Amino acid sequence: MQKYLKLGKRLFPICRSITGDGVRTTLKILKEFIPKLKIYEVKSGTKVFDWEVPPEWNIKDAYVKDCNGNKIIDFKRNNLHLVSYSISINKKLTKKELFNHIHTHKIPNAIPYLTSYYKKYWGFCITKKKKKIFDKKYKNTDQFEVKINSSLNKKGSLTYGELTIPGKSKKEILISTYICHPSMANNELSGPLVSTALARYFSSNKVYSKTLRFIFIPETIGAITYINRNLKKLKKNVIAGYNISCIGDERQYSYIPTKYGDTLSDKAAIKAFKDLKLKFYTYSFLTRGSDERQFNSPGIDLPIASLMRTKYGIYPEYHTSLDNFDLVTRKGLKGGFDLVKKVINILMKNFIPYNLILCEPKIMKRRLHKNLKTRNIIELSRNSYNIRIKYMNFLQYADGTNDLTDISNYIKLPFDETYKVFQILKKKKLIKI
Amino acid sequence: MQKYLKLGKRLFPICRSITGDGVRTTLKILKEFIPKLKIYEVKSGTKVFDWEVPPEWNIKDAYVKDCNGNKIIDFKRNNLHLVSYSISINKKLTKKELFNHIHTHKIPNAIPYLTSYYKKYWGFCITKKKKKIFDKKYKNTDQFEVKINSSLNKKGSLTYGELTIPGKSKKEILISTYICHPSMANNELSGPLVSTALARYFSSNKVYSKTLRFIFIPETIGAITYINRNLKKLKKNVIAGYNISCIGDERQYSYIPTKYGDTLSDKAAIKAFKDLKLKFYTYSFLTRGSDERQFNSPGIDLPIASLMRTKYGIYPEYHTSLDNFDLVTRKGLKGGFDLVKKVINILMKNFIPYNLILCEPKIMKRRLHKNLKTRNIIELSRNSYNIRIKYMNFLQYADGTNDLTDISNYIKLPFDETYKVFQILKKKKLIKI
Amino acid sequence: MQKYLKLGKRLFPICRSITGDGVRTTLKILKEFIPKLKIYEVKSGTKVFDWEVPPEWNIKDAYVKDCNGNKIIDFKRNNLHLVSYSISINKKLTKKELFNHIHTHKIPNAIPYLTSYYKKYWGFCITKKKKKIFDKKYKNTDQFEVKINSSLNKKGSLTYGELTIPGKSKKEILISTYICHPSMANNELSGPLVSTALARYFSSNKVYSKTLRFIFIPETIGAITYINRNLKKLKKNVIAGYNISCIGDERQYSYIPTKYGDTLSDKAAIKAFKDLKLKFYTYSFLTRGSDERQFNSPGIDLPIASLMRTKYGIYPEYHTSLDNFDLVTRKGLKGGFDLVKKVINILMKNFIPYNLILCEPKIMKRRLHKNLKTRNIIELSRNSYNIRIKYMNFLQYADGTNDLTDISNYIKLPFDETYKVFQILKKKKLIKI
């Protein structure tokens with residue numbers, strides 16, 4: 001994952017928002033890694049269900065100068081300094097007027113991340129420490145020059161990326177992640193980084209059993225826009241899927257189930273956590289906060305769960321300048337990647353098998369264990385029982401009511417072992433799918 | 001509830017039984033409080049399923065005089081002194097003969113309440129204490145004059161009362177209580193008193209969403225008679241209902257679920273207990289003992305549960321002269337009233353909502369929280385999340401598979417808060433019913 | 001059960017295998033006890049699903065002589081000394097060559113039970129102790145005469161027995177047990193012994209409500225053969241059934257449920273264990289090891305569970321010469337017999353009753369308790385409540401969704417008491433089936 005950590009650090013300084021060149025640049029860089037990534041533009045003003053695509057926001061510069069001409073806040077140092085979607089301004093203000101537009105975080109040395117997408121507003125974010133210094137340093141009568149050079153273009157567009165990796169079946173697994181957060185590492189570059197790594201991993205020559213789709217979208221409005229444009233197809237094809245977010249730190253693993261917690265997405269995710277022997281915390285669906293909100297909505301009803309390491313809102317650095325590459329590590333990203341890879345692999349290998357032979361098959365005539373070496377035929381028979389039993393257990397539950405995740409639960413084998421049994425039984429024509 | 005306590009004390013001395021003037025007078029007095037109460041008479045001898053309406057019993061006087069002409073037992077002092085449905089008698093008896101017809105209770109100073117509706121019999125009930133005194137006082141050879149002036153009229157009738165409070169829908173909530181017990185306060189004047197209070201409360205000008213029906217019936221034979229005359233209508237319309245009994249004391253709350261415990265009546269009752277933060281004991285359906293026996297029978301299959309304070313048979317004063325207005329209090333009745341009112345209100349406000357908008361709605365454009373005052377737009381956005389989340393949670397589960405009690409369970413809000421969310425979402429046209 | 005213990009001791013020395021005269025003789029002896037037992041022969045080579053009936057194996061003699069002409073291993077002393085289905089041999093061997101074909105058990109004084117039905121092989125089984133002695137006594141250069149006089153007849157047959165006890169209905173209870181194990185008492189003469197006792201018990205003049213079928217078959221290949229020949233009929237008629245095995249010792253009772261544990265067989269078995277107040281251990285279906293493997297297979301789908309005392313594979317004497325009539329006792333067999341008898345009786349008495357009367361019936365007019373003697377009519381009424389309540393409880397659940405095992409669970413009565421209530425209600429025409 002070293003490569004993706006490096007990619008993360010390259011993407012980090014870009015000022016992303018829900019629209020604008022930050023998203024566009026980010027997607028262009030991701031396309032270097034995933035050449036088949038398609039980039040879409042949806043015009044500002046487009047109606048998408050209850051919403052409309054907002055004007056495109058771009059930012060050239062933003063700063064505050066004190067009466068001595070010193071830039072005391074400078075967007076170019078850290079794009080979190082500016083409230084995202086801040087409107088243009090060029091004004092002299094008193095200290096009090098300025099302070100009304102200055103936001104801090106309870107952690108003294110953290111710059112908060114704030115946005116005002118749908119209410120026209122401007123504002124700056126600085127550390128509590130710095131605000132205290134300013135407060136002491138400047139008199140109430142001091143004047144400040146506030147300059148924000150931004151644009152809100154009603155003829156602009158919202159940008160998102162999509163990668164389809166076609167499988168043998170049109171039934172698909174949907175991986176959704178978001179690319180609208182500026183200069184934060186876990187929330188949210190980790191999701192796009194892990195997704196990019198997965199996209200490359202599953203873009204081999206191998207054709208998988210199901211289609212795999214990745215979407216790199218702005219959160220909320222991007223998800224709503226994407227669903228609006230693809231609803232019929234999604235409802236027809238998506239059999240499971242996940243929102244990928246905050247998946248690059250080294251702390252606990254976290255899971256938010258689908259609305260009722262009873263879908264294939266839930267079965268596969270829980271199986272993966274267990275088979276990987278990962279401790280994980282299951283949050284209530286009521287604590288959801290990302291695009292699973294849209295996917296699970298009535299009428300959309302897509303079985304999208306959320307795979308995370310420490311959940312958004314839970315870790316102290318969340319939505320501040322401290323969410324950086326001290327928090328997100330190669331090891332952290334690797335853990336996230338391995339988890340989602342495992343989940344996808346389970347889904348790719350998941351089938352409903354049907355037993356083809358009545359009663360138990362005469363297993364010894366099928367040489368399931370050709371490499372078995374034992375002292376003699378009697379020992380062979382003793383040992384082979386332990387080998388045979390897993391095939392026999394599998395066959396018992398291959399009655400058309402269970403898929404491989406169910407069978408692995410019934411016969412108490414990890415999914416991969418269950419899958420190996422499945423493969424051998426299929427090859428030996430004892431089952432079909 | 002002071003008014004209803006006073007009403008209770010007025011009704012207390014009347015000698016009620018399953019038929020006769022005691023019931024008739026009682027219903028006439030209730031009609032003063034509920035002018036729309038309809039009073040029905042069903043002729044003795046009418047076949048009702050496996051039963052027939054019994055002859056009408058009335059009682060003028062009953063006493064036992066000793067050899068000195070002293071009335072040593074006098075029905076006029078306490079109508080529990082007479083076994084209900086005692087036949088007429090006018091005889092001289094020896095002490096032994098008399099004692100064969102005298103019944104006591106294990107509590108020394110309690111007169112038991114006994115009946116013999118379907119076997120011709122006569123008898124007196126006195127306290128154990130008094131019996132002991134008599135035993136000492138009188139010799140075995142003493143003679144007693146026993147006089148019971150009662151009538152069993154085969155051309156009489158069984159009387160019951162019914163109040164229908166029509167709602168917007170013909171779907172109805174059925175409240176059943178019984179008016180066949182003489183001179184006892186909890187079992188059973190508390191049920192009729194609480195029901196009368198509820199009948200008045202819900203007889204406002206307001207038209208509720210569902211019809212509310214109260215029946216004031218003699219227990220068992222009255223329920224069977226009522227069901228026999230109304231079965232088709234009941235099966236068509238009743239969506240929930242309760243037997244109300246022993247609901248005026250200050251002790252614990254009690255609940256008997258419907259036969260399988262899985263009906264709307266059960267959901268609403270349990271929600272009410274929880275939202276009111278009342279401790280309550282759930283009895284097994286096997287311990288039932290009132291008219292839920294008839295309503296839940298196969299072929300009737302009405303979802304009638306029982307709401308009580310201390311359950312019949314459980315409190316020591318049960319079915320004795322000690323079940324009086326020391327046990328039943330204004331506070332006790334008020335608690336019972338509040339519980340059933342809550343349950344009915346939950347049912348009246350219970351709907352299946354359907355989300356009208358795909359994906360989450362753009363909630364900020366709908367001004368759900370106009371009174372919210374905060375320092376600035378950013379704070380507003382932070383606070384509004386906590387307000388918005390309950391609307392969003394509601395909408396997620398408004399998928400047509402859940403009613404409001406289900407949704408309140410899913411989103412972990414009390415019913416009334418869930419209902420408020422429902423009302424606002426409905427007003428804002430985000431859901432329909 | 002003394003008679004069946006004696007029968008067991010008579011059958012013990014016979015050298016049974018999956019085919020051959022051992023099985024035939026065994027069934028002939030069982031037929032003395034069950035004259036209506038039908039004995040079937042299925043030709044070697046017959047295709048049965050994935051298998052074919054093997055050649056018939058018979059054994060005349062088998063021994064090993066040392067260089068001095070002493071028979072140091074002699075099949076005639078204990079037929080476990082020979083690996084079942086050993087092919088003929090008549091050879092001089094070195095000690096090393098001989099030892100390659102000699103098998104022992106971890107218990108020093110136990111002769112193991114081994115078979116090689118489907119791989120051509122010969123071998124002897126002795127105690128570890130004896131092998132040690134031989135090892136010391138004989139030099140590596142010593143020669144041994146090995147003689148096995150067996151036959152594998154491709155024109156032979158597989159033998160099994162079947163007893164049908166016709167009931168009022170063709171719906172049937174299937175009891176399966178196996179007669180292919182030589183000279184072991186618990187596994188497996190106990191199953192055939194208990195089954196024989198049950199066959200006689202249920203072969204009275206009485207016609208039971210359901211058909212009862214016993215099959216005495218060689219394990220695995222016998223079950224497969226039997227199912228192959230009777231599948232359509234079995235699938236049509238079998239409503240419950242059990243594999244009976246290892247049911248003659250005095251240790252714990254054991255149970256293996258059907259594949260999903262949710263069939264009538266499971267309900268009846270668990271009810272029997274509980275009503276008999278027997279402690280029992282429920283094993284996972286994954287630990288199955290007898291003919292329930294075939295019966296539960298997909299496409300066969302017969303609800304066959306297993307009733308045992310100590311499960312095969314669990315007790316130390318399992319599959320050795322120590323599994324003898326020290327382990328299996330009259331008391332042990334009696335316990336097994338009583339359990340299965342109880343289970344069958346529950347199934348025979350199990351019906352779905354339908355309430356015939358709307359609301360509660362007027363029970364007093366039906367004299368359900370004619371023998372009740374009490375001081376007077378009032379006491380009668382008090383006592384009769386406790387008697388009436390079980391009838392009333394039964395009627396509540398007699399709504400067509402429950403059979404008698406369900407009702408006995410709901411109303412918390414043992415099955416037999418529930419059945420008595422059922423009988424009286426049926427006689428009084430309050431229910432029908």
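Predicted model: local features only at pLDDT ≥ 70, side-chain atom pairs only at ≥ 80, totals over all residues.
**Cysteines**

- Because a disulfide requires two cysteine sulfur atoms within 2.5 Å, A:C15 does not form one: the closest cysteine sulfur, that of A:C125, is 11 Å from the sulfur of A:C15, which is too far for a bond.
- A:C15 has a relative accessibility of 19% and therefore counts as buried, whereas B:C67, with a relative accessibility of 47%, counts as partly exposed.

**The sheet of chain C**

- Chain C contains an open sheet of eight strands with mixed pairing, and the order of the strands is β1-β10-β12-β11-β13-β16-β14-β15.
- The edge strands of this sheet are β1, residues 38-43 of chain C, and β15, residues 280-282 of chain C, each of which pairs on one side only.
- From one strand to the next, the twist of the sheet averages 25°.
- Within the sheet, strand β11 of chain C (residues 169-178) and strand β12 of chain C (residues 210-217) run parallel and are joined by eight bridges; for C:T177, the bridge partner in β12(C) is C:F216.

**Helices across the sheet**

- Helix α5 of chain C, made up of residues 190-202, lies across β10 (157-165), β11, β12 and β13 (238-244) of chain C, and its direction is at about 150° to that of β12(C).
- Helix α6 of chain C, made up of residues 221-237, lies across β1, β10, β11, β12 and β13 of chain C, running at about 35° to β10(C).

**Contact between chains A and C**

- The area buried between chain A and chain C is about 2,500 Å², with carbon and sulfur atoms giving 56% of it.
- Four salt bridges are counted between chain A and chain C, including one in which the side chains of A:K365 and C:D50 meet at 3.5 Å, N to O.

**Contact between chains C and B**

- Chain C also meets chain B, with 29 residues of chain C in contact with 31 residues of chain B.
- Between chain C and chain B the buried area is about 2,500 Å², and carbon and sulfur atoms give 56% of that area.
- Four salt bridges are found across the interface of chain C and chain B; among them is the one between B:R293 and C:E360, whose closest N and O atoms are 2.8 Å apart.

**Local features of chains A and B**

- B:K132 lies in helix α4 of chain B, which covers residues 128-137, and with a relative accessibility of 62% this lysine counts as exposed.
- Although B:K132 and B:P108 are 24 residues apart in sequence, their C-alpha atoms are 9.7 Å apart in space.
- Helix α11 of chain A (residues 404-411) is mostly covered, since six of its eight residues are buried, namely A:L404, A:T405, A:D406, A:I407, A:S408 and A:I411.
- The residue that follows α11(A) is A:K412, which has a positive phi, near 60°.

Terms used: Residues numbered from 1 in each chain as written. Chains lettered and ligands numbered in written order. Heavy atoms only, no water. Pairing = 2+ DSSP bridges. Helix = DSSP H or I, 4+ residues; strand = E, 2+ residues; numbered from the N terminus. Axes fitted to C-alpha atoms, helices over the stretch in contact; angles between N-to-C directions. Contact = heavy atoms within 4.5 Å. Buried < 20%, exposed > 50% of the residue type's maximum accessible area, 1.4 Å probe, protein only. Buried area = accessible area lost by both parts, 1.4 Å probe.
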